[in-house]
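Hi everyone, thanks for making time today. I'd like to walk you through one structure, so please have a look at it while I talk.

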Amino acid sequence: MTKLAAKEIAGLDPYKFMAVIGKRVIHPGGRASTESLLRRAAITESSRVLDIGCGVGTTAIEIAKRHGAQVTAVDIAPLMLERAEANARDADVDHLVKVEHGDILALQFPGDYFDVVIAERSPCSSTGRKRPASWRG
Ligand SMILES: C[S@@+](CC[C@H](N)C(=O)[O-])C[C@H]1O[C@@H](n2cnc3c(N)ncnc32)[C@H](O)[C@@H]1O
């Protein structure tokens, strides 16, 4: 796992900082809002799920553990991807959770590839020059 110097930590955005200090759920509403989302998503073992802006992989891992579904967990930040991979391994679901680098604004998957697409807070914190003005905040 990457260890960061104080100067590097000072330069992190708040979400990466939260990941570095071990926070695993980084969206408004916390785990309760994830539970509500998962109830509505009606995921089964055969669902193909995309979690875009997956952070450290908490929701993707929960879906894999709970339903045995294949989850593709995508994030733009290498630090998040590294932690998501490690967390999926620790939870013994790395055979179900595929962690990939990707940009929510330029996803390469076919339009009908996933049955369920989850994006918890990531559209609002999306980085990149193409980000629509309505997403800034
Ligand atoms: C607030 S965190 C939410 C993480 C996770 N979904 C959760 O709820 O715990 C936002 C995440 O979106 C990612 N992100 C930001 N811009 C992105 C982009 N353009 N494409 C993909 N992920 C992005 C960040 O790296 C970060 O992991």
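This is a predicted model: local features need pLDDT of at least 70, side-chain atom pairs count only at pLDDT 80 or more; totals for chains, interfaces and linings use all residues.

The protein chain has five helices and four strands. Reading from the N terminus, their order is α-α-α-β-α-β-α-β-β. The chain has 137 residues, and 30% of them count as buried. If you take contacts between residues at least 6 apart in sequence, 61% of those join residues at least 24 apart.

Now let me zoom in on the strands. Strand 2 covers residues 70–75, and strand 3 covers residues 97–101. The two pair in the parallel sense, with five bridges. One of the pairings to look for is V71 with its bridge partner V97 in strand 3. Between these strands comes helix 5, residues 78–90, and together the three elements form a right-handed β-α-β unit.

Stay with strand 2 for a moment and find V74. Is V74 buried or exposed? It has 25 other C-beta atoms within 10 Å, and 20 or more is the mark for a buried residue, so V74 is buried. Which residues does V74 contact, once we set aside neighbours within four places in sequence? They are L50, I52, C54, E100 and G102. Take E100: it sits 26 residues from V74 in sequence, yet their C-alpha atoms are 4.9 Å apart.

In soluble globular proteins, nonpolar side chains tend to be buried together. Here, the largest nonpolar core has 26 residues, and the members touching the most others are A60, A64, V71, A73, A84 and V97. Which elements give two or more residues to this core? They are helix 2 (14–20), strand 1 (48–52), helix 4 (58–67), strand 2, helix 5 and strand 3.

Helix 4 deserves a slide of its own. Seven of its 10 residues are buried, so helix 4 is largely enclosed by the rest of the structure. The buried ones are T58, T59, A60, I61, E62, I63 and A64. What do they pack against? The partners are helix 3 (30–41), strand 1, strand 2, helix 5, strand 3 and strand 4 (116–118).

D92 is in the loop between helix 5 and strand 3, and with 11 other C-beta atoms within 10 Å it is exposed. R121 is in the segment after strand 4, and R121 counts as partly exposed because it has 16 C-beta neighbours inside 10 Å.

Technical notes: Residues are numbered from 1 along each chain as its sequence is written. A residue is buried if 20 or more other C-beta atoms lie within 10 Å of its own, exposed if 12 or fewer, and partly exposed in between; C-beta atoms are placed from the backbone. Two residues are in contact if their C-beta atoms, placed from the backbone, lie within 7 Å. Two strands pair if DSSP finds at least two bridges between them. A crossover is right-handed if, with the strands pointing away from the viewer, the path from the first strand over the helix to the second runs clockwise. A nonpolar core is a set of buried Ala, Val, Leu, Ile, Met, Phe, Trp, Tyr and Cys residues joined through C-beta atoms within 7 Å.
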